[in-house]
Amino acid sequence: MDFQDLFRKMKHDPRDPDPWLALYLDRSLPIDERAKAAFLKSQRSTTRRVVMPIIRPFARLSISGIKLMKILVPASWQSPWLLHRSIYWGLRLFVAPEANYLILRHFTIGTEILKFIEDNVPGIHIETTTPLRTRRLEDLLDNTFTVHDLTFYNFIIELNEKLRAEGREIEPRKEIDFSAITDDDASIGDLPNTWLNIVDLQTAIEIYTPLYALFLSDHHFWRASNSLQLDEIIALYVGKILNDPLPVALVHNHHPMVPSSTLEAGFRLTLHGLDSETLHGHLRKLKAEAKRAAAPGSPRAVTIS
């Protein structure tokens, strides 16, 4: 599905410029063009403009009510199985193709960013993480959302335990290994596109966040919400490897030691998706530059250090 076609066909009217066309044409953020078009198409949709502002207060009120219920009812009931099936059927029946495309991409690019860090810390092999490469909505049924959160925590813990044991830190690399970073998402399967598939990404996230609160224990919901602020840590690792402060500037979920309220989880989850896309896009851009520099007949590249 060509998400860019919408913006290619737009005509610019100087008297009434389209805000989303301006953002699509702007190249200040290093985001994959197809993913960027999908994201902006979702943000431009009627449900994002009309439905999401109505849904958000009710979603946050629901989270508060669920948290209160779990305080009063001490039994720690949870069902990741129901959570993932509720999300799956909602995505399949009601969520727009561009939103589903971005969700499926997200787990793959997260896996690639973590693998990039591992590949560029010599002598370290991370064993506790679970690589996720989602190509179909059915791939989400295997507790993918919760596994994704656990993977980031496990990666940070194991990486730092091993570095501390050896008295080492992440250091800049003169020769960067970009083998983990790919730009091939052509294998993502056909996405549902019926007259019901109209819900945008941000509205879907706001609706699903109370389901996290309901179907996970309070501890697990808090942990999942807090994982969003790990974006800053991952960007710092990438920045150290590249010896470049830009990766940290590309992410906006900061300060994991000062947790934000779980009521803001829906908005920060959208930011998390954008953070991942910009960080991955930056690495793709550097990989492409390194590949061009290494091509026969090209001037020798300046070493990234």
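Me: Is R44 buried, exposed or partly exposed?

Reply: The scale is relative accessible area: buried is under 20%, exposed is over 50%, and partly exposed lies in between (1.4 Å probe, protein chains only). R44 counts as partly exposed because its relative accessibility is 31%. This is a predicted model, in which local features need pLDDT of at least 70 and side-chain atom pairs count only at pLDDT 80 or more, while totals for chains, interfaces and linings use all residues. Residues are numbered from 1 along each chain as its sequence is written, and side-chain values use heavy atoms, without hydrogens or water.

Me: With which residue does R44 form a salt bridge?

Reply: Side chains of opposite charge can pair when their charged atoms come close. The test for a salt bridge is a side-chain nitrogen of Lys or Arg within 4 Å of a carboxyl oxygen of Asp or Glu. R44 pairs in this way with D18, and their closest N and O atoms are 3.2 Å apart. Helices here are DSSP runs (H or I, at least four residues), numbered from the N terminus. D18 is partly exposed, with a relative accessible area of 21%.

Me: How many salt bridges does a search of the whole structure find?

Reply: The search gives 17. One of them joins K41 and E98 through their side chains, at 4.0 Å from N to O. Because K41 is in helix α3 and E98 in helix α6, this pair ties together parts that are 57 residues apart in sequence. E98 is buried at 7% relative accessibility, and K41 is partly exposed at 26%. Another salt bridge is formed by E206 and R56, with 3.0 Å between the closest N and O atoms. This pair also links distant parts of the chain, with E206 in helix α8 and R56 in helix α4, 150 residues apart. E206 is buried, its relative accessibility being 3%. D32, D183 and R284 are linked in a network of salt bridges.

Me: Which residues does S276 touch?

Reply: A contact means heavy atoms within 4.5 Å. Leaving aside residues up to four places away in sequence, S276 touches H106, I109 and I113. S276 is part of helix α12, residues 265-294, and is buried at a relative accessible area of 8%.

Me: Where is N143, and which residues does N143 touch?

Reply: N143 is in the loop between α6 and α7. N143 touches P80, W81 and H84, again not counting residues up to four places away in sequence. From N143 to R85 the C-alpha distance is 9.0 Å, although 58 residues separate them in sequence. N143 is partly exposed, with a relative accessible area of 27%.

Conventions
Helix = DSSP H or I, 4+ residues; strand = E, 2+ residues; numbered from the N terminus.
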